[in-house]
Amino acid sequence: MQFNLTEEQIMIRQAARDFAQTELKPGVIERDEHQKFPAEQVKMLGELGFLGMMVSPEYGGSGMDAISYVLVMEELSKVDASASVVVSVNNSLVCYGLEKYGTEEQKQKYLVPLARGEKIGAFCLSEPEAGSDATSQRTTAIDMGDHYLLNGTKNWITNGNSASTYIVMAQTDASKKHHGINALIVERGMEGFEVGAKENKLGIRGSDTHSLMFTDVKVPKENRIGEDGFGFKFAMSILEGGRIGIASQALGIAAGAYELSVQYAKERKAFGKTLADLQAIQFKLADMATEIEAARLLCYRAAWLKDNGLPYAQAASMAKLFASETAMKTTVEAVQIHGGYGFVKEYHVERLMRDAKITQIYEGTSEIQRIVISREVLK
Ligand code: CAA
């Protein structure tokens, strides 16, 4: 068993850490307050090669491994989870899906600009009445011969307004249930495609989450990913990798709140000592450190399995379940350690606490992760 990171992985982590401190931290409170998408910062992330991290250089990517992806996600998420979710969705849910299942033409046309960070992608599965129950897609893609006619609404779409390329799951033949679902590549600007209002969210407020409306959108047949009816399996398979991304995001949120708490505990004086001298605080920090390390190891393990071509669905769900619960618990404790200061925006921990909540919800709630894990356990 090998726990050491390679020199390259350490360098990548340092680059992400430096970027987070110099480029993300300065405006993060303001972006959260005003729900401002970190457009400039996302552009820079593209230039650093972080938007197509795991895509092969042949298709404009950086050819890095999934462990490096976890490292980058952790470092960015310590500071700004609204920026890191763009990295996660673009890499895991869009680029990975296109590289693994797309045709050569789809890769050249759509994957290359996404992997280079010139464009941003979105993954559109959730609907007003199909969140966890993803097989119940109401959006329809009627087969018209040379194209599909797309109609319906998608909800809570990350990168909803900033994306140019959308992968949309839609039902072509309802009688086949989930075997009748297709995954279609939809371009911004196609007639009949409208971006709805921005959601006013509790957390990751800088990320642009929108509903999307499709009215008789003509999507060429060559934009279907995989065989007819492959859409549901495509989505499920893609979400496995996505869950490693969100697990790492949750890990970063927890680690960010923990690091701020350690620093604060060493500086803040109370009862003639620093907080760090009080056993009540020491015990809290010890629990936080232990749980964060466990979450980190689960993330590394899932990424390692993926890098080595081994099954990783259960490992990814375990990482996401544990890391997201750790993020929630740790950030609540971080606010408590900071006392009154924790409740105001300048100290960052209240934002991390709000950001943590979504990691228990998107890309499958904690309950969904338990379903995936228990199915493997009981197989
Ligand atoms: N890979 C490939 N195929 C898979 C799969 C996987 N990981 N998991 C399931 N499948 C296949 C099954 O083999 C089955 O195929 P067959 O019928 O041919 O055997 C088919 O998919 C249906 O599987 P299930 O019977 O297991 O389906 P289910 O209805 O019981 O649901 C579920 C399974 C795990 C609950 C699933 O619906 C699920 O994961 N739901 C959560 C959806 C989700 O994560 N949504 C998040 C939205 S995306 C998002 O949040 C992005 C963002 O913006 C940040």
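Reader: How many disulfides does the count come to here?
Author: This is a predicted model, and a disulfide needs a pair of cysteine sulfur atoms within 2.5 Å. Take Cys124: the closest cysteine sulfur sits in Cys95, 14 Å away, so that's too far for a bond. By that rule, the disulfide count is 0.

Reader: Is Cys124 buried or exposed?
Author: Buried means under 20% relative accessible area. Cys124 has a relative accessible area of 0%, so it's buried.
Cys299 also comes out at 0% relative accessibility, so that one counts as buried. Back to the one you asked about: Cys124 is buried.

Reader: What percentage of residues 6-118 is helix?
Author: UniProt, in an unreviewed entry, gives that stretch the feature "domain: Acyl-CoA dehydrogenase/oxidase N-terminal". Between the end C-alpha atoms of residues 6-118 there are 29 Å, and strand makes up 0% of the stretch. Helix, on the other hand, comes to 72%.

Reader: Which residues come nearest to the ligand?
Author: There are 24 residues around the ligand. His178 has a polar side-chain atom 2.7 Å from a ligand oxygen, and for His179 an N or O atom of the side chain is 3.2 Å from an oxygen of the ligand. The ones that come nearest are Thr158, His178, His179, Glu240 and Arg375.

Key: Residues are numbered from 1 along each chain as its sequence is written. This is a predicted model: local features need pLDDT of at least 70, side-chain atom pairs count only at pLDDT 80 or more; totals for chains, interfaces and linings use all residues. Side-chain values use heavy atoms; hydrogens and water are left out. Buried means under 20% relative accessible area, exposed over 50%, partly exposed in between (1.4 Å probe, protein chains only). UniProt positions are given in the numbering used here, feature names are shortened, and annotations may be inferred rather than shown by experiment. Helices (H or I, at least four residues) and strands (E, at least two) are DSSP runs, numbered from the N terminus. A residue is near a molecule or strand if one of its heavy atoms lies within 4 Å of it. A polar contact is a pair of N or O atoms within 3.5 Å; within protein, one must be able to donate a hydrogen and the other to accept it, and residues adjacent in sequence count only if both atoms are side-chain atoms.
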